[in-house]
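Please have the sequence and the coordinates to hand while reading.

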Amino acid sequence: MEHTDQIGDKANEFPLPILSESPDELILLEEQLANFKESLSPEEFQEAVNNLHKSREDLEKLKQEKINEEQEEEAINNPQKPTSAKSARSFCHDWPNTKSKAETAEERLLRSGLEGYLKEHHLAYESVVHKVQVEIQWGKTLFGKPNTAKINTLILGNWPNSDNQSPGVSIVCCHGYGAGAAFWFLNTPFFLELIAGRHSTNTKVHNVFLVDWLGFGLSSRPSFPSVCDPNKSVDLAENFFVSSLEKWRIQIGLQKFMLVGHSLGGYLSTVYTSQYPNHVSRLVLLSPAGVVTKPEGPLSEREKSMLFKVVKAAVNMNLTPYSLVRGVGPSGPAIMRGYVRRGYQLPEPQASSLASYLYQINSRKGSGEYALKSILVPGAFAVFGRRGLMDRLAELTIPVSFYYGDSDWMNPDDAVQACRLLKAQPTRIVFISNAGHNLFVLNPDHFAAEFIRELQ
């Protein structure tokens, strides 16, 4: 395990927007951008369109602007060096992304969620949040030597753990598609209260691990596996995440834990539990993706929409929403701000902190995001020819809970079907009020009240 000063390889730190020469790709990205038009001002939208159509020659200019900004940051950090008026006017807080900005955005978001808790209990941030880069063996170099990757981990509670046999359960939280470990920022006070024993539960919580999946967040970004055979593609994609999580578990020294997964993270957490059942004591699935395959029958109105067709075509071309974020260059932060304004009712500075964090982690080199094509089809159904998670859930002998927002776009009927197959009891289906898909962010208080019951 290594600490935060040893993150990733430098090739992944400063990705620039790279567009292929395919006109189809440009058209799809432009259509994706049109969906954000209502969230952006006319000026922001036009700027994004202009940036999207920059030619490859313009990338050299972008590189130079990046260098100028880094020089400006150095000048700000070292006042003895003068900063030109021109570079000061061109200063942009979020673009281009850098490793240090991503780390800063992660900590800023977590601090925004913990501010009240830290003041109330007179605690320092560093005393309750421990950031660790867990190094795992991952693949081989061109010369056949073992290669490594790093799993970004935020640990709440007792750490380092000098006694692996100490009483209490460990909780491992795995984010969904396009999110990261800091996405649990509004839940961290509740987790720390559980660890401190401020809630009456039958099971003591020893620590909570917030984990970035390999290829997401601030974890390493290795190339994502791709093959033509659909069945092999699914297996390779699942193994990319599941085997790296198991290697992380071994390195971190956990024997058994409660596993919490959201959306795509719920799908992958179920796959992990089915492969390593002896290490998971309880599985909590928050609006999980891929529970079932797409039902046969006529197309729904949603599937007939132009947006759905654009998304489907983009997925088939291995384009993701974050291809757009990278492709529009300096307009990427504005798109993320629009997304947060539209999808979350957060006060400042939490709203801007979340937008900055999501931009920083999703404008990095594409990696885990390409799992979308291999594992799911539009609508978050499992790929055709598979039963989704049904067979895997039927094999489990541990308690499983399903959580959905009361306005969730995921279908809770899938959980009802799954519960009929589960061998273990109790099983729960929980609805979080005034919440959609990101239920633990949209209503953290109701989520906390229900989650306590997992520990009774």
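In helix 13, the residues Gly332, Pro333, Ala334, Ile335, Met336, Gly338 and Val340 are buried, where buried means under 20% relative accessible area, exposed over 50% and partly exposed in between, with a 1.4 Å probe and protein chains only. The model is predicted, so local features need pLDDT of at least 70 and side-chain atom pairs count only at pLDDT 80 or more, while totals for chains, interfaces and linings use all residues. Residues are numbered from 1 along each chain as its sequence is written, and side-chain values use heavy atoms, with hydrogens and water left out.

Helices (H or I, at least four residues) and strands (E, at least two) are DSSP runs numbered from the N terminus. The expected span of a helix is 1.5 Å times one less than its number of residues, and the table sets this beside the distance between the end C-alpha atoms.

| Helix | Residues | Expected span | C-alpha distance |
|---|---|---|---|
| Helix 14 (350-362) | 13 residues | 18 Å | 18 Å |

Helix 14 is mostly covered, with 12 of its 13 residues buried, and its cover includes helix 5 (99-121), helix 12 (321-327) and helix 13.

Ser219 lies in the loop between strand 5 (205-211) and helix 8 (230-252), and it counts as buried because its relative accessibility is 1%. A polar atom of the Ser219 side chain lies 2.8 Å from the backbone nitrogen of Asn152, and the Ser219 side chain also reaches the backbone oxygen of Asp212 at 2.9 Å.

Methods: A polar contact is a pair of N or O atoms within 3.5 Å; within protein, one must be able to donate a hydrogen and the other to accept it, and residues adjacent in sequence count only if both atoms are side-chain atoms. Contact means heavy atoms within 4.5 Å.
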